[in-house]
Amino acid sequence: EHDLVLVEIEESSSSEQRAASREQNRARAVDDEPVVMAKQEIHANSRFFRSTTNPSPGDTSSTNRDVSSQAKYISSNTWPRSSRGRKLKKGAARPFIHGVEIRLLRDPHPLAGELGLFAAKTFDEFDILGEYCGEVYEGDGGSEYATYLEDWRERYALGVDATREGNECRFINHFKGIADEANVVMKIAYVEELPRVMVVCMRDIEVGEEFLLNYSDDFVEAYCS
């Protein structure tokens, strides 16, 4: 009788474990759905570019004929592979963001004694000021110089923090108390297959104007109260 009870308990426990395993697999499938969809999208788009592998001998399907007639897919510009190409690339490179100036803020500026970023040339609406650079991190834990590198609604979304290293864009201040509204905005774009935060002008910006962002409510509450 004791053996029978023990068998029943083991069978019940085994059933519960199998049910829990099914639930975990189902949850994992839901979590992986965006990744699967992204891979499907890449696969669907890749057929419009030249294949990196040659079609099988004798394969004259319309799909292969279409693919072979399209351009090769690349994720960044291809420079000429020559000494002239290297000179062109070096000449086009800019180690700093063009057309901006970091200034010490003076009275009566609300942030007198701090630093701000100003236009040294005219920028048009939708011009890209530059990339917001910093150290990439996962999840929470960024400082006042951090922003999301991915959709903030994603679990374990990546962020980028410019506290210890960054570029001119780290000196863009919050607009409140300085202007009626922000004149630049951060937008996520994928360049060379990786997410990047680009700072985009929301309107025409004249020489001498300060670049200003609209930081999140959480930031304002934590650092601007």
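Here is a short chat about the salt bridges, a hairpin and some surface patches in a predicted model.

Biologist: New to this one. What kind of model is it?
Modeller: A predicted one, so keep that in mind throughout.

Biologist: Okay, salt bridges first. How many does the structure hold?
Modeller: There are 5 salt bridges in the structure. One of them pairs R196 with E131, with the closest N and O atoms 3.5 Å apart. That pair links distant parts of the chain: R196 sits in strand β9 and E131 in strand β3 (residues 128–132), 65 residues apart.

Biologist: Where does E192 sit in the fold?
Modeller: E192 is in the hairpin of β8 and β9, which has 2 residues between the strands, and E192 takes a positive phi near 55 degrees there. Strand β8 (residues 184–191) and β9 run antiparallel, joined by 8 bridges.

Biologist: What's the bridge partner of V191?
Modeller: That's L194, in β9.

Biologist: Which residue does R203 meet in a salt bridge?
Modeller: R203 meets E209, at 2.8 Å from N to O. Both ends are partly exposed: E209 has a relative accessible area of 23%, and R203 is at 31%.

Biologist: Switching to the surface. Which residues gather in the patch of negative charge?
Modeller: D124, E125, D204 and E206 do. E206 is found in the loop between β9 (194–201) and β10 (212–213), and E206 is partly exposed at 44% relative accessible area.

Biologist: What about a nonpolar patch, which residues form that?
Modeller: I102, L104 and L115 form one on the surface, with about 240 Å² of accessible area together. I102 belongs to strand β1 (residues 100–104) and has a relative accessible area of 40%, so I102 is partly exposed.

Biologist: Last one: where is Y145?
Modeller: Y145 is in the loop between β4 (135–138) and β5 (146–148). Y145 is partly exposed, with a relative accessible area of 26%.

Biologist: And how far apart are Y145 and E165 in space?
Modeller: They're 9.9 Å apart, C-alpha to C-alpha, and 20 residues apart in sequence.

Notes. Residues numbered from 1 in each chain as written. Predicted model: local features only at pLDDT ≥ 70, side-chain atom pairs only at ≥ 80, totals over all residues. Heavy atoms only, no water. Patch = residues over 30% accessible without salt bridge, like charges linked within 9 Å, V, L, I, M, F, W, Y side chains within 5 Å. Areas by Shrake-Rupley, 256 points an atom, 1.4 Å probe, with all protein chains shown as cover. Salt bridge = Lys/Arg side-chain N within 4 Å of Asp/Glu carboxyl O. Lys, Arg positive; Asp, Glu negative; His and termini not counted. Charge placed at Lys NZ, Arg CZ, Asp CG, Glu CD. Helix = DSSP H or I, 4+ residues; strand = E, 2+ residues; numbered from the N terminus. Buried < 20%, exposed > 50% of the residue type's maximum accessible area, 1.4 Å probe, protein only. Pairing = 2+ DSSP bridges.
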